[in-house]
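Please find below a note on the structure under review.

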Amino acid sequence: MNIEEIEKIYERIQTAKSKANRTDKIYFTAVSKTRTVDEMKEAEKISWIDYFGENRVQEAESKKSVYGESKLKWRLIGHLQNNKVRKAVEIFDYIDSVDSVELALRINRVAGEFNKIIPVLIEVNTSGEASKTGINPEKFSELLDTVAQQENLSLQGLMTIAPITDSEIEIRKSFSNLRELRDSAKISTGLELPILSMGMSGDFELAILEGSTMIRIGTLLFGERIYNVK
Ligand SMILES: *Cc1c(COP(=O)(O)O)cnc(C)c1O
């Protein structure tokens, strides 16, 4: 991480906000998957970073066990398997990747056992790509109703990943789809749903133009990811 590069990210966010005529807060999730605890401690010093985002329960667990006190809260942004729900509820402050009724019910049940209320996002597959995680938009309203009814889940908003394409039009379409789903979900549930988690290193400016209130940045902050072959 280099101070000038980091300043540049901040400036790009400000520029995108002014282009979008926005002055509201846009939360910044530092996507720390594959990064070491030392790298995360460096990121923690940056005043405008709000959260860490991890995509694997096991990796987050092993990093948390050595991290010590963390100023930042931890969000699960990757697909959650049923058999990892208990551990996820134990270690994460937020679960952003609720993508099925079954998963929502299970998180709720385990959260109840821990006497916790878990803030969650519903992840929607707005791109139509089969490989992407997230609930299919046609099944969204059933999942929305389920999540909204669970006592130990607090629904804060929605998350999506845009398609991998050079077409700005398609990327923006995916983001605007999510915003429209959120707007109608606000009406149908009566919930605030302030969080629209969309935008990553390659597309966060477009996301801000489409109303994102939380961007998830890994590569721009920490550099290219190197996955360990296991
Ligand atoms: C890895 C990841 C990111 C960050 O991607 P970058 O392109 O490195 O910024 C954001 N969101 C999710 C869900 C991810 O898995």
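The numbered points below begin with the ligand and then turn to individual residues.

1. The model is a predicted one, and the remarks that follow should be read as a description of that prediction. The ligand sits in the largest pocket. Around the ligand are V31, K33, I77, I161, M200, S201, R216, I217, G218, T219 and R225. By type, the residues of this shell divide into 5 nonpolar, 3 polar and 3 charged.

2. Which atoms lie 2.8 Å from the ligand's oxygen and nitrogen atoms? For the nitrogen atom, it is a polar side-chain atom of R216, at 2.8 Å. For an oxygen atom, it is a backbone N or O atom of G218, likewise placed at 2.8 Å. Of the 390 Å² that the ligand exposes when taken alone, the protein buries 90%.

3. D50 is located in the loop that runs between α2 (37-44) and β2 (51-54). Its relative accessibility is 18%, so D50 counts as buried, the cut-off being under 20%. The side chain of D50 has a polar contact with the side chain of K25, at 3.1 Å. The D50 side chain also reaches the backbone nitrogen of F28, at 2.8 Å.

4. E210 belongs to the loop between α8 (204-209) and β8 (214-217). Is E210 buried or exposed? With 9% relative accessibility, E210 counts as buried. The side chain of E210 makes a polar contact with that of R179, at 2.6 Å.

5. Two lysines deserve a separate remark. K132 and I161 are 29 residues apart in sequence, and their C-alpha atoms are 7.7 Å apart in space. I161 is also one of the residues around the ligand.

6. The other lysine, K63, is found in helix α3, which covers residues 57-67. How accessible is K63? Its relative accessible area is 7%, and K63 is therefore buried. Between K63 and M40 there are 9.7 Å from C-alpha to C-alpha, with a separation of 23 residues in sequence.

7. The backbone angles call for a comment on two residues. Most residues other than glycine have a negative phi. N21, although not a glycine, has a positive phi of about 60 degrees. N21 is placed in the loop between α1 (3-19) and β1 (27-31). With a relative accessible area of 73%, which is over the 50% cut-off, N21 is exposed.

8. L193 likewise has a positive phi, near 50 degrees, in a residue other than glycine. Where does L193 lie? L193 is in the loop between α7 (168-189) and β7 (195-197). L193 is buried, with a relative accessible area of 1%, whereas N21 is exposed.

Definitions and conventions: Residues are numbered from 1 along each chain as its sequence is written. This is a predicted model: local features need pLDDT of at least 70, side-chain atom pairs count only at pLDDT 80 or more; totals for chains, interfaces and linings use all residues. Side-chain values use heavy atoms; hydrogens and water are left out. A residue is near a molecule or strand if one of its heavy atoms lies within 4 Å of it. A polar contact is a pair of N or O atoms within 3.5 Å; within protein, one must be able to donate a hydrogen and the other to accept it, and residues adjacent in sequence count only if both atoms are side-chain atoms. Accessible areas come from the Shrake-Rupley method with a 1.4 Å probe; for residues, only the protein chains shown count as cover. On a 1 Å grid over the protein atoms alone, a cavity is a set of points where a 1.4 Å probe fits but cannot get out, and a pocket is an open set with protein on both sides within 12 Å along at least five of seven lines; lining residues have an atom within 4 Å of a point. A molecule sits in a cavity or pocket if more than half of its atoms lie within 2 Å of its grid points. Ala, Val, Leu, Ile, Met, Phe, Trp, Tyr, Cys and Pro count as nonpolar, Asp, Glu, Lys and Arg as charged, and the others, Gly among them, as polar. Helices (H or I, at least four residues) and strands (E, at least two) are DSSP runs, numbered from the N terminus. Buried means under 20% relative accessible area, exposed over 50%, partly exposed in between (1.4 Å probe, protein chains only).
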